Amino acid sequence: MTTTTTTLPAAGQPLHFHAPRKAPAPAVDTGRRVWAVDEVQALFDLPFSDLMYRAQTVHREHFDPTEVELATLLSVKTGGCPEDCGYCPQSVHFDTGVEAGKLMGVDAVREAAQRARQAGATRFCMGAAWRAPKDRDVQAVAELVRAVKEEGLEACATLGMLSEGHAETLRDAGLDYYNHNLDSAPDFYGEVITTRDYQDRLDTLERVRGAGVKVCCGGIVGMGESRLQRAALVAQLANLSPDYPESVPINHLVKVAGTPLADQPDLDPLEFVRTIAVARITMPRARVRLSAGRQQMSDAVQALCFVAGANSIFYGDKLLTTGNPDVERDRELLRRLGLKTRHTFGG
């Protein structure tokens with residue numbers, strides 16, 4: 001893997017991209033281009049109506065704009081994480097009232113997957129609060145993946161950093177996607193997390209790609225980053241090699257008491273919508289997912305996100321340890337917007 005270092009004028013810190021910043025020629029097989037940070041920032045800076053028009057145009061070229069994927073996220077191992085991610089209530093570094101638990105058993109996960117399928121979900125995501133799972137942990141999660149696949153659902157897992165061979169074990173069990181978010185722009189990352197560095201995340205993504213597992217990778221906005229840093233995050237995602245993620249979850253910070261970011265000022269909701277639109281334009285074939293933070297969003301803001309190109313949501317009562325709009329509220333919102341749910345796999 002080759003990297004090119006580019007310096008942001010404002011921060012003066014290096015950003016590492018997986019393709020040269022110059023010569024944004026489309027690839028022969030994917031038609032993708034390389035996005036410079038200033039090009040992405042220029043999208044953010046467009047008049048709102050122009051940005052929405054561009055995002056909606058791109059969205060319609062690649063997807064049915066009336067279709068939304070429903071995904072369910074289950075915490076299969078909660079709390080006790082040794083990382084110090086400033087947004088996370090599962091960290092042992094913060095007093096948030098979340099207690100460490102053991103990995104759920106196969107039967108309990110199977111029952112949860114059945115409920116998710118009956119509620120209309122097509123993808124079932126499992127999260128475990130580990131810094132990096134051990135071999136025996138990965139073997140245990142592989143059994144959970146097999147149970148989910150037996151229920152006819154796509155399987156996704158997020159377990160932390162993977163070592164050599166782990167992605168292959170999960171792939172062989174039937175894992176469709178592995179989630180490992182970049183969280184932020186490289187130059188902002190150290191403001192939020194100190195127990196791992198950015199390259200650790202990129203290394204795990206490389207292992208996932210090398211095993212032939214699809215990548216689910218996004219970030220969190222509203223942590224105090226600038227618009228330029230949001231642009232740098234999107235550019236990093238869009239320029240991942242050999243291709244950008246198949247799924248891109250865009251999370252709005254959920255402020256949890258006891259975490260360092262609990263008192264972070266609110267992000268302008270329209271800035272969040274802009275982030276969705278820019279992700280859609282720069283990663284046109286990806287499923288862009290409304291993830292954490294939807295509980296705090298009005299129906300109108302969510303509707304704008306769908307217009308901006310979001311076509312996947314986390315669906316259910318809880319995302320790991322934080323709340324999520326309930327199923328009936330989601331169904332009613334989708335009905336009011338005339339949106340249908342995706343019922344087939346593969347995309």
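**The whole fold first**

Start with everything shown: residues 24 or more positions apart make up 73% of the protein's contacts that have a separation of 6 or more. Keep in mind that this is a predicted model. Switch to cartoon and you have 11 helices and 14 strands to look through. Of the 347 residues, 56% count as buried.

**Stop one: an aromatic pair**

Select Tyr-189 and Tyr-198. A pair of rings is described by the distance of the centres and the angle of the planes. For Tyr-189 and Tyr-198 those are 5.2 Å centre to centre and 85° between the planes, an edge-to-face arrangement. The count of aromatic pairs comes to 1. Are these two buried or exposed? Tyr-189 has 4% relative accessibility, so it counts as buried, the cut-off being under 20%. Tyr-198, at 9%, counts as buried too.

**Stop two: arginines over rings**

Arg-33 lies over the face of Trp-35, 3.8 Å from the ring centre. Then jump to Arg-123, which lies over the face of Tyr-177 at 3.6 Å from the ring centre.

Most residues other than glycine have a negative phi, and most peptide bonds are trans. Pick Asp-183, in the loop between strand E6 (177-179) and helix H6 (186-189). Its phi is positive, about 75°, although Asp-183 is not a glycine. Asp-183 is also buried, with a relative accessible area of 3%.

Next, go to Pro-242, in the loop between helix H8 (227-238) and E9. Which way does the peptide bond from Ser-241 to Pro-242 go, cis or trans? That bond is cis, with omega near 5°.

Move along to Leu-261, found in the loop between strand E9 (247-252) and helix H9 (269-282). Leu-261 is buried, at 12% relative accessible area.

**Last stop: the second largest pocket**

Finish by selecting His-252, Leu-267, Gly-293, Gln-296 and Met-297. Out of the 13 residues that line the second largest pocket, these lie nearest its centre. The second largest pocket has a volume of about 210 Å³. Colour the lining by class and you'll find 7 nonpolar, 4 polar and 2 charged residues.

Methods:
Residues numbered from 1 in each chain as written. Predicted model: local features only at pLDDT ≥ 70, side-chain atom pairs only at ≥ 80, totals over all residues. Heavy atoms only, no water. 1 Å grid on protein atoms, 1.4 Å probe; cavity = no way out; pocket = protein on both sides within 12 Å on 5 of 7 lines; lining within 4 Å. Points joined across faces, edges and corners; volume = space filled by probe spheres on them. Nonpolar A, V, L, I, M, F, W, Y, C, P; charged D, E, K, R; others polar. Phe/Tyr/Trp six-rings, centres within 6.5 Å; stacked < 30°, edge-to-face > 60°. Buried < 20%, exposed > 50% of the residue type's maximum accessible area, 1.4 Å probe, protein only. Lys NZ or Arg CZ within 6 Å of the ring centre and 35° of its normal. Helix = DSSP H or I, 4+ residues; strand = E, 2+ residues; numbered from the N terminus. Contact = heavy atoms within 4.5 Å.
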